[in-house]
Amino acid sequence: MKLVSILCTNQSYKSTMATKRQQQSIETRNRIVEAVSELVATTEVDKIKIRDICKNAGVSLGSFYVYFSCKEEAILYIYRNLDRAFEDLKLQGNPKENILLILRTYYEMANLNNLDFARHIYSCHLTYYDEYFFDEKRPIFKALNQELIHLNNLSNTHDITWKILDFMRGRIFNLCIRFKLENPNWFDEQVALTWQYIQFLIQSSNN
């Protein structure tokens, strides 16, 4: 009985220690991400140094490389976190209403008062490939694809979904390189244009 008790105690200790290490790992990653976010808000990407990220996060250089291979990956990780908005969306309308909500949520990820962040994201995409943004498990892909299926009873909407995401990425990129916002109703305009594009894609797929 004593041996069983000792084994159970050891197992419980190991489980507790594993949980603590996992929590410490999460906290370390969060500190790095927070430090990166602060630097991106004030500094051009090419001027951000990993040693500055580590200094602000209070971690060693080695700790940084445990979680990220380069600063571009760390910056794109911030963008990943924005995807949580699509996991929390309340898609309770009809398919068209839900799709319009998804489109608006995506476009509103571009802060019109601070387009530098979006420019930083595109800059990082040019130098670092993050497969997450091209994964069909990405929350926005799953949500949009599902609503497209409901919208037109199509059995395979994957290609249409990718084309829509490419289109929206291009619309935000176009805004970034123009450096000025000519239309105060930019969000409404982009949602309307994208909906027209979706109708075109669906009609083309039926022909």
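Student: How many salt bridges does the structure hold?

Tutor: There are six salt bridges. Keep in mind that this is a predicted model.

Student: What makes Arg-138 and Asp-83 a salt bridge?

Tutor: Their closest N and O atoms are 2.6 Å apart. The cut-off is within 4 Å for a side-chain nitrogen of Lys or Arg and a carboxyl oxygen of Asp or Glu, so the pair qualifies. The bridge links distant parts of the chain: Arg-138 sits in the loop between α7 and α8, while Asp-83 sits in the loop between α4 and α5, 55 residues apart.

Student: Are those two buried or exposed?

Tutor: Arg-138 is buried, and Asp-83 is buried too.

Student: What separates Arg-119 and Asp-116 in helix α7?

Tutor: About one helical turn, because they are three residues apart in that helix. Their side chains meet in a salt bridge, at 2.8 Å from N to O.

Student: Why is Asp-116 called partly exposed?

Tutor: Its relative accessible area is 37%. Buried means under 20% and exposed means over 50%, so Asp-116, at 37%, falls in between.

Student: What about Arg-169 and Asp-166?

Tutor: That's another salt bridge, with the closest N and O atoms 2.9 Å apart. Both residues are in helix α9, and being three residues apart there puts about one helical turn between them. Asp-166 has a relative accessible area of 42%, which makes Asp-166 partly exposed. Elsewhere, salt bridges that share partners join Arg-104, Glu-108 and Asp-188 into one network.

Student: How many aromatic pairs does a search of the whole structure find?

Tutor: It finds 13 of them. One is Phe-167 with Tyr-197: the ring centres are 4.5 Å apart and the planes are at 20°.

Student: Why is that pair called stacked?

Tutor: Centres must lie within 6.5 Å to pair, and planes under 30 degrees apart count as stacked. At 4.5 Å and 20°, Phe-167 and Tyr-197 meet both limits, so the pair is stacked. Phe-167 is in helix α9 and Tyr-197 in helix α10, so the pair ties together parts 30 residues apart in sequence.

Student: How do you know that Tyr-197 is partly exposed?

Tutor: The relative accessible area of Tyr-197 is 22%. Buried would need under 20%, so Tyr-197 counts as partly exposed.

Student: Which residues gather in a patch of negative charge on the surface?

Tutor: Glu-131, Asp-135, Glu-136 and Asp-159. Asp-135 is in the loop between α7 and α8. With a relative accessible area of 32%, Asp-135 is partly exposed. A patch residue needs over 30%, so Asp-135 passes that cut-off.

Note on methods
Residues numbered from 1 in each chain as written. Predicted model: local features only at pLDDT ≥ 70, side-chain atom pairs only at ≥ 80, totals over all residues. Heavy atoms only, no water. Patch = residues over 30% accessible without salt bridge, like charges linked within 9 Å, V, L, I, M, F, W, Y side chains within 5 Å. Areas by Shrake-Rupley, 256 points an atom, 1.4 Å probe, with all protein chains shown as cover. Lys, Arg positive; Asp, Glu negative; His and termini not counted. Charge placed at Lys NZ, Arg CZ, Asp CG, Glu CD. Helix = DSSP H or I, 4+ residues; strand = E, 2+ residues; numbered from the N terminus. Buried < 20%, exposed > 50% of the residue type's maximum accessible area, 1.4 Å probe, protein only. Phe/Tyr/Trp six-rings, centres within 6.5 Å; stacked < 30°, edge-to-face > 60°.
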